[in-house]
Amino acid sequence: MYHIDTTCIHAGYEPGNGEPRVVPIVQSTTFKYATSEEMGKLFDLEADGFFYTRLANPTLDAVEKKIAALEGGVGAMLTSSGQAANMMAVINICHAGQHVVCSTAIYGGTFNLFYKTLHELGIETTFVDPSITAQELATKFQDNTRCVFVETLSNPSLVVTDLELFAKAAHEHGVPLIVDNTFPTPINCRPFEFGADIVTHSTTKYMDGHAVQLGGVVVDSGNFDWKNGKFPEFTEPDESYHGVVYAERFGKAAYITKARTHLMRDMGAQASPNNAFLLNLGLETLALRMERHCSNALKIAQFLENNEKTAWVNYPGLESSPYYKLAQKYMPNGTCGVVSFGVKGGRKAAEKFMAGLKLATIATHVADLRTCVLHPASSTHRQMNDEQLKEAGVTPDLIRLSVGIENPDDIIEDLRQALAQV
Ligand code: PLP
(Lines give C-alpha, C1' and ligand atoms only; values in the text may rest on other atoms or scores of the structure.)
Protein backbone atom coordinates (compact mmCIF):
# COMPACT_ATOMS: atom_id res chain seq x y z
CA MET A 1 0.00 0.00 0.00
CA TYR A 2 1.41 3.36 -1.04
CA HIS A 3 0.60 6.73 0.48
CA ILE A 4 -2.43 8.47 -0.99
CA ASP A 5 -0.44 10.94 -3.13
CA THR A 6 1.42 8.03 -4.75
CA THR A 7 -1.91 6.19 -5.21
CA CYS A 8 -3.22 9.25 -7.10
CA ILE A 9 -0.47 8.78 -9.66
CA HIS A 10 -0.01 5.02 -9.93
CA ALA A 11 -3.14 3.09 -8.91
CA GLY A 12 -5.42 1.45 -11.47
CA TYR A 13 -3.02 0.95 -14.35
CA GLU A 14 0.12 -1.17 -14.68
CA PRO A 15 1.43 -1.23 -18.23
CA GLY A 16 3.19 -4.37 -19.45
CA ASN A 17 6.26 -4.46 -21.66
CA GLY A 18 5.95 -2.11 -24.61
CA GLU A 19 2.53 -0.83 -23.55
CA PRO A 20 1.68 2.89 -23.22
CA ARG A 21 3.05 4.46 -20.01
CA VAL A 22 -0.03 6.69 -19.70
CA VAL A 23 -3.56 5.23 -19.44
CA PRO A 24 -4.58 5.13 -23.12
CA ILE A 25 -7.90 6.38 -24.47
CA VAL A 26 -9.65 3.30 -25.80
CA GLN A 27 -12.06 5.13 -28.08
CA SER A 28 -14.04 2.08 -29.16
CA THR A 29 -17.62 1.11 -28.47
CA THR A 30 -17.02 -2.57 -29.11
CA PHE A 31 -14.44 -5.30 -28.62
CA LYS A 32 -13.68 -8.26 -30.85
CA TYR A 33 -13.88 -11.98 -29.94
CA ALA A 34 -12.92 -15.04 -31.94
CA THR A 35 -16.00 -17.10 -31.04
CA SER A 36 -19.50 -16.30 -29.88
CA GLU A 37 -18.98 -18.81 -27.08
CA GLU A 38 -16.22 -16.60 -25.60
CA MET A 39 -18.44 -13.57 -25.87
CA GLY A 40 -21.33 -15.50 -24.31
CA LYS A 41 -19.25 -16.09 -21.18
CA LEU A 42 -18.88 -12.34 -20.78
CA PHE A 43 -22.63 -11.86 -21.11
CA ASP A 44 -23.21 -14.55 -18.48
CA LEU A 45 -20.73 -12.78 -16.17
CA GLU A 46 -18.65 -15.97 -16.16
CA ALA A 47 -15.54 -14.28 -17.57
CA ASP A 48 -13.94 -10.85 -17.16
CA GLY A 49 -13.51 -8.68 -20.21
CA PHE A 50 -14.91 -5.88 -22.32
CA PHE A 51 -17.61 -6.24 -24.92
CA TYR A 52 -19.50 -2.96 -25.09
CA THR A 53 -18.49 0.44 -23.68
CA ARG A 54 -21.90 1.15 -22.13
CA LEU A 55 -21.01 -1.55 -19.59
CA ALA A 56 -17.23 -1.34 -19.34
CA ASN A 57 -14.21 0.05 -21.16
CA PRO A 58 -10.46 -0.28 -20.44
CA THR A 59 -9.90 3.49 -19.95
CA LEU A 60 -12.85 3.73 -17.56
CA ASP A 61 -11.74 0.56 -15.83
CA ALA A 62 -8.30 1.99 -14.98
CA VAL A 63 -9.81 5.17 -13.55
CA GLU A 64 -12.47 3.24 -11.62
CA LYS A 65 -9.74 1.12 -10.02
CA LYS A 66 -7.78 4.25 -9.09
CA ILE A 67 -10.78 5.90 -7.41
CA ALA A 68 -11.71 2.67 -5.59
CA ALA A 69 -8.13 2.54 -4.27
CA LEU A 70 -8.24 6.20 -3.19
CA GLU A 71 -11.49 5.69 -1.25
CA GLY A 72 -10.52 2.25 0.06
CA GLY A 73 -13.42 0.48 -1.65
CA VAL A 74 -13.82 -2.84 -3.48
CA GLY A 75 -14.99 -1.32 -6.75
CA ALA A 76 -16.22 1.81 -8.49
CA MET A 77 -18.39 2.76 -11.45
CA LEU A 78 -17.87 5.96 -13.43
CA THR A 79 -20.96 7.80 -14.63
CA SER A 80 -21.62 10.63 -17.05
CA SER A 81 -22.20 13.18 -14.24
CA GLY A 82 -22.39 13.54 -10.48
CA GLN A 83 -26.18 13.65 -10.79
CA ALA A 84 -26.19 10.25 -12.49
CA ALA A 85 -23.89 8.87 -9.77
CA ASN A 86 -26.22 9.94 -6.96
CA MET A 87 -29.31 8.75 -8.81
CA MET A 88 -27.83 5.33 -9.51
CA ALA A 89 -26.37 5.00 -6.00
CA VAL A 90 -29.90 5.35 -4.60
CA ILE A 91 -32.04 3.48 -7.12
CA ASN A 92 -29.66 0.50 -7.04
CA ILE A 93 -31.24 -0.31 -3.65
CA CYS A 94 -34.37 1.83 -3.34
CA HIS A 95 -37.51 1.31 -5.42
CA ALA A 96 -41.07 2.60 -5.80
CA GLY A 97 -42.88 2.45 -2.46
CA GLN A 98 -39.64 2.75 -0.50
CA HIS A 99 -38.08 5.57 1.47
CA VAL A 100 -34.85 7.53 2.00
CA VAL A 101 -33.64 9.57 4.99
CA CYS A 102 -31.64 12.51 3.62
CA SER A 103 -29.78 15.46 5.14
CA THR A 104 -31.07 18.91 4.19
CA ALA A 105 -27.46 20.09 3.79
CA ILE A 106 -26.95 18.90 0.22
CA TYR A 107 -26.32 20.32 -3.23
CA GLY A 108 -29.41 21.93 -4.85
CA GLY A 109 -29.38 19.48 -7.77
CA THR A 110 -29.37 16.52 -5.38
CA PHE A 111 -32.22 18.08 -3.41
CA ASN A 112 -34.22 18.26 -6.66
CA LEU A 113 -33.40 14.64 -7.43
CA PHE A 114 -34.97 13.50 -4.15
CA TYR A 115 -37.71 16.11 -3.90
CA LYS A 116 -38.96 15.91 -7.49
CA THR A 117 -37.71 13.07 -9.67
CA LEU A 118 -37.42 10.26 -7.11
CA HIS A 119 -40.75 11.39 -5.62
CA GLU A 120 -42.33 11.07 -9.08
CA LEU A 121 -40.82 7.58 -9.32
CA GLY A 122 -42.53 6.60 -6.06
CA ILE A 123 -39.54 6.99 -3.71
CA GLU A 124 -40.29 9.24 -0.73
CA THR A 125 -37.67 11.21 1.19
CA THR A 126 -37.66 12.50 4.75
CA PHE A 127 -35.25 15.44 4.97
CA VAL A 128 -33.48 15.89 8.29
CA ASP A 129 -31.40 18.71 9.74
CA PRO A 130 -27.72 17.62 9.74
CA SER A 131 -27.39 18.71 13.39
CA ILE A 132 -30.16 16.30 14.40
CA THR A 133 -29.57 14.21 17.56
CA ALA A 134 -29.20 10.45 17.36
CA GLN A 135 -32.46 10.03 19.28
CA GLU A 136 -34.41 12.26 16.93
CA LEU A 137 -32.81 10.69 13.85
CA ALA A 138 -33.99 7.23 14.96
CA THR A 139 -37.60 8.45 14.75
CA LYS A 140 -37.25 9.29 11.02
CA PHE A 141 -36.81 5.70 9.86
CA GLN A 142 -39.74 3.68 8.48
CA ASP A 143 -40.11 -0.03 7.73
CA ASN A 144 -39.58 0.78 4.06
CA THR A 145 -36.48 2.98 4.53
CA ARG A 146 -33.69 1.65 2.32
CA CYS A 147 -30.82 4.13 2.72
CA VAL A 148 -29.54 7.30 4.34
CA PHE A 149 -27.94 10.01 2.19
CA VAL A 150 -25.63 12.84 3.32
CA GLU A 151 -22.77 14.99 2.00
CA THR A 152 -19.49 14.93 3.95
CA LEU A 153 -19.12 18.68 3.49
CA SER A 154 -22.15 20.27 1.94
CA ASN A 155 -22.29 22.42 -1.17
CA PRO A 156 -22.64 25.37 -0.66
CA SER A 157 -23.43 25.60 3.06
CA LEU A 158 -20.18 23.86 4.16
CA VAL A 159 -21.89 21.89 6.89
CA VAL A 160 -19.61 19.11 8.16
CA THR A 161 -21.81 16.05 8.66
CA ASP A 162 -21.27 13.83 11.67
CA LEU A 163 -20.70 10.72 9.55
CA GLU A 164 -20.41 8.33 12.49
CA LEU A 165 -23.76 9.46 13.90
CA PHE A 166 -25.52 8.92 10.56
CA ALA A 167 -23.73 5.60 9.90
CA LYS A 168 -24.71 4.26 13.32
CA ALA A 169 -28.37 5.22 12.84
CA ALA A 170 -28.44 3.70 9.34
CA HIS A 171 -26.88 0.44 10.51
CA GLU A 172 -29.17 0.17 13.52
CA HIS A 173 -32.02 0.21 11.00
CA GLY A 174 -30.36 -2.30 8.66
CA VAL A 175 -29.70 0.13 5.82
CA PRO A 176 -26.53 1.60 4.27
CA LEU A 177 -25.19 5.15 4.51
CA ILE A 178 -24.48 6.79 1.14
CA VAL A 179 -22.07 9.75 1.36
CA ASP A 180 -21.43 12.30 -1.37
CA ASN A 181 -17.73 13.03 -0.75
CA THR A 182 -17.26 15.53 -3.58
CA PHE A 183 -15.94 18.50 -1.59
CA PRO A 184 -13.24 16.96 0.64
CA THR A 185 -12.23 14.25 -1.88
CA PRO A 186 -10.53 11.11 -0.53
CA ILE A 187 -7.41 13.22 0.04
CA ASN A 188 -9.08 14.96 2.99
CA CYS A 189 -11.71 12.42 4.09
CA ARG A 190 -12.36 8.76 3.42
CA PRO A 191 -15.95 8.17 4.62
CA PHE A 192 -15.58 4.36 4.65
CA GLU A 193 -13.24 4.81 7.65
CA PHE A 194 -16.19 6.35 9.53
CA GLY A 195 -18.80 3.73 8.66
CA ALA A 196 -20.15 4.90 5.29
CA ASP A 197 -21.08 2.06 2.94
CA ILE A 198 -21.28 3.78 -0.44
CA VAL A 199 -19.46 6.93 -1.57
CA THR A 200 -20.34 9.10 -4.55
CA HIS A 201 -18.61 12.03 -6.23
CA SER A 202 -19.22 14.62 -8.80
CA THR A 203 -15.82 14.08 -10.44
CA THR A 204 -16.55 17.32 -12.30
CA LYS A 205 -15.16 19.06 -9.20
CA TYR A 206 -11.76 18.64 -7.49
CA MET A 207 -11.06 15.18 -8.91
CA ASP A 208 -10.93 16.74 -12.37
CA GLY A 209 -9.99 20.18 -11.06
CA HIS A 210 -9.46 21.81 -14.47
CA ALA A 211 -13.14 22.20 -15.43
CA VAL A 212 -12.76 20.07 -18.55
CA GLN A 213 -15.05 17.09 -18.02
CA LEU A 214 -18.43 16.38 -16.45
CA GLY A 215 -18.53 13.11 -14.55
CA GLY A 216 -19.44 11.13 -11.48
CA VAL A 217 -18.52 7.97 -9.67
CA VAL A 218 -20.12 5.49 -7.27
CA VAL A 219 -17.75 3.59 -4.95
CA ASP A 220 -18.65 0.46 -2.97
CA SER A 221 -16.96 -0.18 0.40
CA GLY A 222 -17.89 -3.86 0.21
CA ASN A 223 -18.82 -3.70 3.89
CA PHE A 224 -22.61 -3.69 3.88
CA ASP A 225 -24.47 -6.96 4.57
CA TRP A 226 -26.98 -7.17 1.72
CA LYS A 227 -28.20 -10.51 3.09
CA ASN A 228 -29.82 -8.94 6.16
CA GLY A 229 -33.32 -9.59 4.81
CA LYS A 230 -34.10 -6.08 3.57
CA PHE A 231 -32.59 -6.32 0.10
CA PRO A 232 -34.08 -9.18 -1.95
CA GLU A 233 -32.53 -7.65 -5.08
CA PHE A 234 -29.21 -9.13 -3.87
CA THR A 235 -30.43 -12.46 -2.50
CA GLU A 236 -33.04 -13.48 -5.08
CA PRO A 237 -32.34 -14.36 -8.72
CA ASP A 238 -32.28 -11.46 -11.21
CA GLU A 239 -34.28 -12.94 -14.08
CA SER A 240 -33.11 -10.18 -16.40
CA TYR A 241 -29.54 -11.44 -15.89
CA HIS A 242 -29.89 -15.19 -16.29
CA GLY A 243 -31.00 -15.65 -12.69
CA VAL A 244 -27.83 -14.30 -11.12
CA VAL A 245 -27.96 -13.87 -7.31
CA TYR A 246 -25.65 -10.91 -6.77
CA ALA A 247 -24.76 -11.49 -3.11
CA GLU A 248 -23.91 -15.15 -3.83
CA ARG A 249 -21.95 -14.66 -7.01
CA PHE A 250 -20.15 -11.39 -6.28
CA GLY A 251 -19.86 -11.32 -2.48
CA LYS A 252 -18.37 -8.04 -1.32
CA ALA A 253 -18.72 -6.52 -4.79
CA ALA A 254 -22.45 -7.32 -5.09
CA TYR A 255 -23.66 -3.69 -4.95
CA ILE A 256 -21.25 -2.26 -7.51
CA THR A 257 -21.67 -5.24 -9.87
CA LYS A 258 -25.44 -4.87 -9.80
CA ALA A 259 -25.13 -1.12 -10.40
CA ARG A 260 -23.21 -1.85 -13.59
CA THR A 261 -24.95 -4.93 -14.95
CA HIS A 262 -28.44 -3.74 -14.09
CA LEU A 263 -28.53 0.09 -14.00
CA MET A 264 -25.79 0.96 -16.47
CA ARG A 265 -27.21 -1.66 -18.83
CA ASP A 266 -30.71 -0.17 -18.62
CA MET A 267 -30.04 3.55 -18.18
CA GLY A 268 -26.73 4.00 -19.95
CA ALA A 269 -25.41 7.09 -18.17
CA GLN A 270 -21.88 5.95 -18.96
CA ALA A 271 -18.81 8.19 -18.92
CA SER A 272 -16.92 8.56 -22.20
CA PRO A 273 -13.38 7.17 -22.59
CA ASN A 274 -12.10 10.65 -23.44
CA ASN A 275 -13.61 12.13 -20.28
CA ALA A 276 -12.20 9.28 -18.19
CA PHE A 277 -8.76 10.06 -19.65
CA LEU A 278 -9.10 13.75 -18.71
CA LEU A 279 -10.35 12.79 -15.25
CA ASN A 280 -7.29 10.60 -14.77
CA LEU A 281 -4.97 13.51 -15.54
CA GLY A 282 -6.78 15.50 -12.84
CA LEU A 283 -6.52 12.64 -10.35
CA GLU A 284 -2.76 12.46 -10.83
CA THR A 285 -2.32 15.89 -9.21
CA LEU A 286 -5.30 15.73 -6.81
CA ALA A 287 -3.23 15.49 -3.62
CA LEU A 288 -1.01 18.41 -4.59
CA ARG A 289 -3.92 20.59 -5.64
CA MET A 290 -6.01 19.86 -2.54
CA GLU A 291 -3.13 20.93 -0.32
CA ARG A 292 -2.87 24.28 -2.13
CA HIS A 293 -6.67 24.78 -2.36
CA CYS A 294 -6.91 24.30 1.41
CA SER A 295 -3.97 26.49 2.42
CA ASN A 296 -5.17 29.27 0.07
CA ALA A 297 -8.75 29.00 1.35
CA LEU A 298 -7.68 29.27 4.98
CA LYS A 299 -5.63 32.43 4.28
CA ILE A 300 -8.54 33.94 2.38
CA ALA A 301 -11.10 33.00 5.03
CA GLN A 302 -8.90 34.71 7.63
CA PHE A 303 -8.59 37.81 5.41
CA LEU A 304 -12.37 37.96 4.91
CA GLU A 305 -13.02 37.49 8.62
CA ASN A 306 -10.92 40.58 9.34
CA ASN A 307 -12.42 42.74 6.58
CA GLU A 308 -14.95 45.33 7.75
CA LYS A 309 -17.19 44.91 4.66
CA THR A 310 -18.06 41.29 5.38
CA ALA A 311 -20.98 40.37 7.63
CA TRP A 312 -19.90 36.80 8.31
CA VAL A 313 -17.50 34.13 7.02
CA ASN A 314 -18.09 30.38 6.97
CA TYR A 315 -15.12 28.08 6.52
CA PRO A 316 -14.85 24.88 8.56
CA GLY A 317 -11.09 25.46 8.88
CA LEU A 318 -11.70 28.66 10.90
CA GLU A 319 -11.84 28.27 14.66
CA SER A 320 -14.94 30.52 14.64
CA SER A 321 -16.84 27.95 12.53
CA PRO A 322 -19.51 25.92 14.33
CA TYR A 323 -18.16 22.96 12.35
CA TYR A 324 -14.50 23.43 13.33
CA LYS A 325 -14.53 20.52 15.79
CA LEU A 326 -16.24 18.12 13.39
CA ALA A 327 -13.87 19.25 10.63
CA GLN A 328 -10.87 18.52 12.87
CA LYS A 329 -12.27 15.05 13.49
CA TYR A 330 -13.22 14.10 9.93
CA MET A 331 -10.79 16.26 7.90
CA PRO A 332 -7.76 17.02 10.09
CA ASN A 333 -5.53 17.88 7.11
CA GLY A 334 -7.90 20.40 5.52
CA THR A 335 -11.47 20.55 4.24
CA CYS A 336 -11.74 22.07 0.76
CA GLY A 337 -11.17 25.30 -1.14
CA VAL A 338 -14.70 26.65 -0.86
CA VAL A 339 -15.41 29.55 1.51
CA SER A 340 -18.79 31.20 1.92
CA PHE A 341 -19.44 34.66 3.29
CA GLY A 342 -21.93 37.51 3.33
CA VAL A 343 -21.26 41.10 2.30
CA LYS A 344 -22.70 43.74 4.64
CA GLY A 345 -25.72 45.27 2.92
CA GLY A 346 -27.27 41.98 1.76
CA ARG A 347 -28.23 40.99 -1.77
CA LYS A 348 -27.53 44.38 -3.46
CA ALA A 349 -24.10 44.77 -1.85
CA ALA A 350 -23.25 41.20 -2.78
CA GLU A 351 -24.07 41.87 -6.43
CA LYS A 352 -21.91 45.02 -6.40
CA PHE A 353 -19.02 43.08 -4.91
CA MET A 354 -19.31 40.39 -7.58
CA ALA A 355 -19.30 42.98 -10.36
CA GLY A 356 -16.06 44.49 -9.02
CA LEU A 357 -14.02 41.27 -9.17
CA LYS A 358 -11.25 41.04 -11.76
CA LEU A 359 -9.37 37.79 -11.14
CA ALA A 360 -12.20 35.68 -9.69
CA THR A 361 -14.77 34.85 -12.33
CA ILE A 362 -18.52 34.44 -11.89
CA ALA A 363 -19.17 30.83 -12.80
CA THR A 364 -21.62 28.04 -11.91
CA HIS A 365 -18.78 25.88 -10.80
CA VAL A 366 -16.63 25.10 -7.81
CA ALA A 367 -13.40 23.21 -7.27
CA ASP A 368 -11.68 24.58 -10.32
CA LEU A 369 -7.99 25.53 -10.14
CA ARG A 370 -9.15 29.03 -11.17
CA THR A 371 -10.83 31.06 -8.42
CA CYS A 372 -14.53 31.41 -9.13
CA VAL A 373 -17.49 32.93 -7.35
CA LEU A 374 -21.27 32.50 -7.27
CA HIS A 375 -24.40 33.87 -5.63
CA PRO A 376 -26.41 30.62 -5.10
CA ALA A 377 -29.77 32.21 -4.18
CA SER A 378 -29.98 33.71 -7.66
CA SER A 379 -28.50 30.73 -9.54
CA THR A 380 -27.98 27.10 -8.40
CA HIS A 381 -30.58 27.29 -5.63
CA ARG A 382 -33.08 29.59 -7.32
CA GLN A 383 -35.71 26.81 -7.49
CA MET A 384 -35.96 26.79 -3.68
CA ASN A 385 -38.30 28.99 -1.72
CA ASP A 386 -37.00 30.99 1.27
CA GLU A 387 -37.95 28.25 3.72
CA GLN A 388 -36.15 25.55 1.73
CA LEU A 389 -33.14 27.86 1.30
CA LYS A 390 -32.99 28.32 5.05
CA GLU A 391 -33.17 24.58 5.62
CA ALA A 392 -30.30 24.05 3.18
CA GLY A 393 -28.26 26.67 5.06
CA VAL A 394 -28.21 29.11 2.12
CA THR A 395 -29.03 32.71 3.07
CA PRO A 396 -29.95 35.23 0.33
CA ASP A 397 -26.67 37.15 0.90
CA LEU A 398 -24.45 34.04 0.74
CA ILE A 399 -21.50 34.27 -1.65
CA ARG A 400 -19.77 31.04 -2.53
CA LEU A 401 -16.11 31.60 -3.26
CA SER A 402 -14.23 28.67 -4.72
CA VAL A 403 -10.61 29.45 -4.01
CA GLY A 404 -8.26 28.32 -6.75
CA ILE A 405 -4.57 27.51 -6.69
CA GLU A 406 -3.30 30.90 -7.88
CA ASN A 407 -0.90 32.86 -5.66
CA PRO A 408 -2.98 33.63 -2.53
CA ASP A 409 -1.77 37.26 -2.44
CA ASP A 410 -3.27 37.89 -5.91
CA ILE A 411 -6.64 36.42 -4.85
CA ILE A 412 -6.67 38.49 -1.64
CA GLU A 413 -5.83 41.68 -3.57
CA ASP A 414 -8.74 41.03 -5.94
CA LEU A 415 -11.16 40.50 -3.05
CA ARG A 416 -9.82 43.59 -1.24
CA GLN A 417 -10.39 45.90 -4.22
CA ALA A 418 -13.88 44.49 -4.95
CA LEU A 419 -14.95 44.83 -1.30
CA ALA A 420 -13.64 48.42 -1.28
CA GLN A 421 -16.11 49.25 -4.10
CA VAL A 422 -19.13 48.16 -2.04
N1 PLP B 1 -22.84 16.48 -5.63
C2 PLP B 1 -22.26 17.62 -5.24
C3 PLP B 1 -21.79 17.79 -3.83
C4 PLP B 1 -22.12 18.68 -6.15
O5 PLP B 1 -21.54 19.81 -5.75
C6 PLP B 1 -22.60 18.50 -7.47
C7 PLP B 1 -22.49 19.58 -8.47
O8 PLP B 1 -22.16 20.71 -8.16
C9 PLP B 1 -23.20 17.29 -7.82
C10 PLP B 1 -23.29 16.29 -6.88
C11 PLP B 1 -23.72 17.06 -9.21
O12 PLP B 1 -22.62 16.82 -10.04
P13 PLP B 1 -22.60 17.10 -11.63
O14 PLP B 1 -22.71 18.56 -11.81
O15 PLP B 1 -21.29 16.51 -12.03
O16 PLP B 1 -23.76 16.36 -12.20
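How much area do domain 1 and domain 2 bury between them, and what percentage of it lies on carbon and sulfur atoms? The two domains bury about 3,000 Å², 63% of it on carbon and sulfur atoms. Buried area is the accessible area (1.4 Å probe) that two parts lose on being put together, summed over both.

The model is predicted: local features need pLDDT of at least 70, side-chain atom pairs count only at pLDDT 80 or more, and totals for chains, interfaces and linings use all residues. Residues are numbered from 1 along each chain as its sequence is written, and side-chain values use heavy atoms, with hydrogens and water left out.

The chain is divided into domain 1 (4-281) and domain 2 (288-420). These bounds come from an automatic or database domain assignment. Taken over C-alpha atoms, the domain centres are separated by 29 Å. Domain 1 gives 33 residues to the contact and domain 2 gives 37. Contact means heavy atoms within 4.5 Å.

Polar terms at this interface were counted next. There are 14 residue pairs in polar contact between the domains, both residues being at pLDDT 80 or more. A polar contact is a pair of N or O atoms within 3.5 Å; within protein, one must be able to donate a hydrogen and the other to accept it, and residues adjacent in sequence count only if both atoms are side-chain atoms. On the domain 1 side, the elements that give two or more residues are helix H5 (108-120), helix H7 (163-172) and helix H8 (185-188). H5 supplies the largest share of that side, four residues. Helices (H or I, at least four residues) and strands (E, at least two) are DSSP runs, numbered from the N terminus.

One salt bridge is counted between the domains. A salt bridge requires a side-chain nitrogen of Lys or Arg within 4 Å of a carboxyl oxygen of Asp or Glu. Lys 329 forms a salt bridge with Glu 164, with the closest N and O atoms 2.6 Å apart. The structure holds 10 salt bridges. Among them is the pair Lys 116 and Glu 120, whose closest N and O atoms are 2.6 Å apart. Both residues lie in helix H5, four residues apart, about one turn of the helix.

An open sheet of seven strands has the order S1-S7-S6-S5-S4-S2-S3, with mixed pairing. Two strands pair if DSSP finds at least two bridges between them. Strand S1 (75-79) and strand S3 (124-128) are the edges; each has a single partner strand, so one side of each lacks a neighbour in the sheet. The twist averages 20° from one strand to the next. Strands S6 (198-202) and S7 (216-220) pair antiparallel over five bridges. Ile 198 stands opposite Asp 220 in S7. Helix H3 (58-71) lies across S1, S6 and S7, at about 125° to S1. Helix H11 (254-267) also touches S1, S6 and S7, but its direction makes about 30° with that of S1. Axes are lines fitted to C-alpha atoms, for helices over the stretch in contact, and angles run from 0 to 180 degrees between N-to-C directions.

Another open sheet has five strands in the order S8-S9-S12-S11-S10, again with mixed pairing. Strand S8 (310-314) and strand S10 (361-362) stand at its edges with a single partner strand each, so one side of each is left without a neighbour in the sheet. Five bridges join the antiparallel strands S9 (338-343) and S12 (398-402). Phe 341 faces Ile 399 in S12 as its opposite residue. Helix H15 (346-356) lies across S9, S10, S11 (372-374) and S12, running at about 125° to S9.
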